[in-house]
Amino acid sequence: MLYLKPKSEAPQAPEGQAVSQPPDWPERLAELAEQARHPALQAYYRAGCVAADTPLEAAPLLAMDFETTGMDPAKDDIVSIGLLPMSLRRIRCAEASHWLIRPRGRLHEDSVVIHRITHSALHRAPDLLEILEPLLEQMQGRIGVVHHRGMERAFLDAALRQRIGEGISFPLIDTMELEARLHRNKPLGLWQRLRGQRPVSIRLGQSRARYHLPFYRPHHALTDALACAELLQAQVAHRFSANTPLHELWC
C-alpha cells in the first residue's frame, strides 16, 4: 500500500452530492463476460460472484494489496501484488500469493524509499501479463478486500488497458471507506478546528490501532493484505454482524 498524498485517503463524495450506488455485481459480471475478449478475463467474469444478500460470514473474500511506482494509475504501474484468501473466521496464509512485477517504466526514487523494491529486485521479475492467469484465477468468485479502492481497482484496470486493450471491473469491500463512514460523517466544527483538532486518520496503520491490532511494518504487499484482512475482521466484529448482507459493504 503506497501512501504519498494524505488528502487522497478519504473516499467521500463532495458535500451535497449523492454517493454512487454499487452495481448488482453478479449481474454486472455476467454482462462483462459477454463483452470481454481476453480468455483470462472471460474466465474471471464467467465465474461470477455470490449474490448481494449473501451474509458476510458466507462470502468468499480475498484480501489484496498492490505496491506501485506512484499514485497515478494513468502514469504509474504495479510492482508488487499480495493476495490472501480469507473469510470472517479464517485468513488462509498457506494459500497466499505474492508477486514482484516488472513495471513498464522506471521506478521513482520516492516510491523506492517507501516500498524498498529496487530495479535490481525487479530485473528478473515477470511482466503483469505473465502472471495474469494465476492472478485472475485467485480472484475468481471472490470479493476483494482492500484499504482504499482507488488503488487496486484503478491500477489493475489501467495496467490491463495498457497491455491487452481492455480493463477490468470487480467487487470490493474497502476497509478505508468503512472507517470513513464512521469518522468522516461529522466534519470538525469551527471551534474544534480553532482548537487545533485534526480529522481522525483513516489510514491502514492508524485504523488498525483503533481496534488494538498489532503494528506491522507497512508497504509490503503481502503484509499489507494481511493487515487489511485483519482490519475487516475487526470492523465486522465491532460494528457489523456476521449476518450483514454483502450489499451493505461492497462497492
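**Close-up 1. Arginine 163 and aspartate 77 join their side chains in a salt bridge.** In this predicted model, the N to O distance of the pair is 2.9 Å. Arginine 163 belongs to helix α6, while aspartate 77 sits in the loop between β1 and β2 (78–86), so the bridge ties together parts that are 86 residues apart in sequence.

**Close-up 2. Aspartate 174 and arginine 149 meet through their side chains in a salt bridge.** Here the N to O distance is 3.5 Å. This pair also links distant parts of the chain, with aspartate 174 in strand β5 and arginine 149 in helix α6, 25 residues apart. Aspartate 174 counts as buried, at 1% relative accessibility, whereas arginine 149 counts as partly exposed, at 26%.

**Close-up 3. Helix α7 (residues 175–183) holds both glutamate 177 and arginine 181.** Their side chains form a salt bridge of 3.0 Å, N to O, and the two residues are four apart, about one turn of the helix. Glutamate 177 is buried at 16% relative accessibility; arginine 181, at 30%, is partly exposed. Elsewhere, salt bridges that share partners bring Asp77, Arg104, Asp127 and Arg163 into one network. The structure has eleven salt bridges.

**Close-up 4. Strand β4 (residues 143–146) pairs with β1 and with β5.** Three bridges connect β4 to strand β1 (residues 61–68), and these two run parallel; leucine 62 is found opposite glycine 144. Three bridges also connect β4 to strand β5 (residues 172–174), again in parallel, with valine 146 opposite aspartate 174. Follow the side chains along β4: Ile143 and Val145 point one way, Gly144 and Val146 the other way, and all are buried.

**Close-up 5. The largest nonpolar core has 56 residues.** Ile81, Met139, Leu156, Ile168 and Ile173 touch the most other members. Helix α6 (residues 149–164) gives the most to this core, with six residues. Take a moment with isoleucine 81: beyond its neighbours within four places in sequence, its contacts include Phe66, Trp99, Ile101, Leu128 and Leu135.

**Close-up 6. Leu190, Trp191 and Leu194 make up a nonpolar patch on the surface.** Together they have about 400 Å² of accessible area. Leucine 194 lies in helix α8 (residues 190–194) and counts as exposed, at 61% relative accessibility.

Methods. Residues are numbered from 1 along each chain as its sequence is written. This is a predicted model: local features need pLDDT of at least 70, side-chain atom pairs count only at pLDDT 80 or more; totals for chains, interfaces and linings use all residues. Side-chain values use heavy atoms; hydrogens and water are left out. Patches are made of residues with over 30% relative accessible area and no salt bridge: like charges are joined within 9 Å, nonpolar side chains (Val, Leu, Ile, Met, Phe, Trp, Tyr) within 5 Å. Accessible areas come from the Shrake-Rupley method with a 1.4 Å probe; for residues, only the protein chains shown count as cover. A salt bridge is a side-chain nitrogen of Lys or Arg within 4 Å of a carboxyl oxygen of Asp or Glu. Buried means under 20% relative accessible area, exposed over 50%, partly exposed in between (1.4 Å probe, protein chains only). A nonpolar core is a set of buried Ala, Val, Leu, Ile, Met, Phe, Trp, Tyr and Cys residues joined through side-chain atoms within 4.5 Å. Contact means heavy atoms within 4.5 Å. Two strands pair if DSSP finds at least two bridges between them.
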